[in-house]
Amino acid sequence: MALTLYVDTARWRAHHKHVQEQFPGLVPVCKGNGYGFGHERLAEEATRLGSDVLAVGTTYEAARIKDFFGGDLLVLTPYRRGEEPVPLPDRVVRSVSSIDGVYGLVGARVVIEVMSSMKRHGISEQDLPQLHAAIENVRLEGFAIHLPLDRTDGSDAVEEVIGWMDRLRAARLPLHTMFVSHLKADELARLQQQFPQTRFRARIGTRLWLGDHEATEYRGAVLDVTRVAKGERFGYRQQKAASDGFLVVVAGGTSHGVGLEAPKALHGVMPRAKGVARAGLATVNRNLSPFVWGGKQRWFAEPPHMQVSILFVPSDAAEPTVGDELVAHLRHTTTQFDRILDR
């Protein structure tokens with residue numbers, strides 16, 4: 001009995017091809033937990049797409065993935081002097097976001113990140129005069145810019161990239177390749193038309209692997225069902241059942257990422273109100289689980305255990321049986337499955 005990730009493989013791969021057609025020369029991204037699919041699987045899919053470069057998050061990820069992908073590996077986390085050395089092949093390209101970082105990678109293949117309105121990391125306009133000397137002793141693979149997802153000030157993503165292209169050109173720096181993140185297909189096309197001598201390569205993860213929500217589905221298998229009456233005690237903390245119903249033990253616990261949630265940016269009154277309501281319910285041990293039965297998300301009976309969750313299903317709903325599978329609305333980037341099944 002397992003927490004299973006089901007993949008409609010034909011539909012999933014058709015979406016990959018569609019994204020690839022929209023973004024010529026795209027660089028697939030495989031980082032973290034492999035967007036819920038695992039590094040080995042995404043390396044296989046990137047190879048299937050004919051990708052010559054696969055972007056990873058860290059040097060440690062590059063060390064794990066190098067045996068599953070034969071092309072270049074672009075490490076997205078910038079190099080810092082003093083970091084732990086990780087043995088990597090020459091086909092690994094390092095990102096750099098400082099002049100000092102460039103000087104620290106003599107002989108290496110590098111992509112230089114520029115500071116965007118994200119303000120996360122990147123070289124500044126004031127750094128550009130020093131880059132000429134710095135890049136003499138590295139193999140420059142191109143520049144990169146990581147853009148924000150939302151533009152609440154109404155600014156234009158394309159104009160931000162153009163601004164940096166103009167600065168780099170004015171500084172007489174090589175502009176053969178620019179790696180970009182979080183651009184729409186039409187925005188990429190506009191840039192390619194304006195700068196035909198530069199190859200723009202979109203680094204894409206979420207849109208590529210998770211863009212078709214109907215292509216994948218998590219399900220947790222029911223392991224046990226126990227009938228309880230109102231007032232009966234149960235679980236680790238011996239709480240009382242609020243009403244008659246069923247305690248349903250389902251595969252999927254904290255080790256899978258069930259019950260763990262990344263913070264979300266809330267916009268608007270209604271989402272904030274819902275967030276306040278959820279927090280209020282949590283103070284009285286009422287937490288909605290990601291598992292669905294009878295068309296409704298069911299409440300956790302108590303906080304999820306390491307490998308299973310216990311749900312409360314009221315007596316007015318159909319009784320689940322051992323072996324049933326409950327659809328689970330889980331975030332791919334924080335979930336670890338027991339098995340993955342193609343269908």
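In this predicted model, the largest pocket holds about 1,500 Å³ of space. Its lining is made up of 50 residues, and those closest to the pocket centre are Y35, L149, T206, R207 and L210. Five elements are listed as giving two or more residues to this lining: the strands β8 (177–181), β9 (199–204), β10 (216–228) and β17 (325–328), together with the helix α8 (206–210). Of the elements, α8 gives the most, with four residues. Sorted by class, the lining of the largest pocket consists of 20 nonpolar, 16 polar and 14 charged residues.

The next element to look at is helix α1. This helix runs over residues 9–22, which is 14 residues. From first C-alpha to last, α1 reaches 20 Å, close to the 20 Å expected at 1.5 Å a residue.

Which residues of α1 are buried? They are T9, W12, H15, H16, V19 and Q20, where buried stands for under 20% relative accessible area.

What covers the buried residues of α1? The cover includes the strands β1 (3–7), β9, β10 and β18 (339–342), as well as the helices α2 (39–48) and α8.

Notes: Residues numbered from 1 in each chain as written. Predicted model: local features only at pLDDT ≥ 70, side-chain atom pairs only at ≥ 80, totals over all residues. Heavy atoms only, no water. 1 Å grid on protein atoms, 1.4 Å probe; cavity = no way out; pocket = protein on both sides within 12 Å on 5 of 7 lines; lining within 4 Å. Points joined across faces, edges and corners; volume = space filled by probe spheres on them. Nonpolar A, V, L, I, M, F, W, Y, C, P; charged D, E, K, R; others polar. Expected span 1.5 Å × (residues − 1). Buried < 20%, exposed > 50% of the residue type's maximum accessible area, 1.4 Å probe, protein only. Contact = heavy atoms within 4.5 Å.
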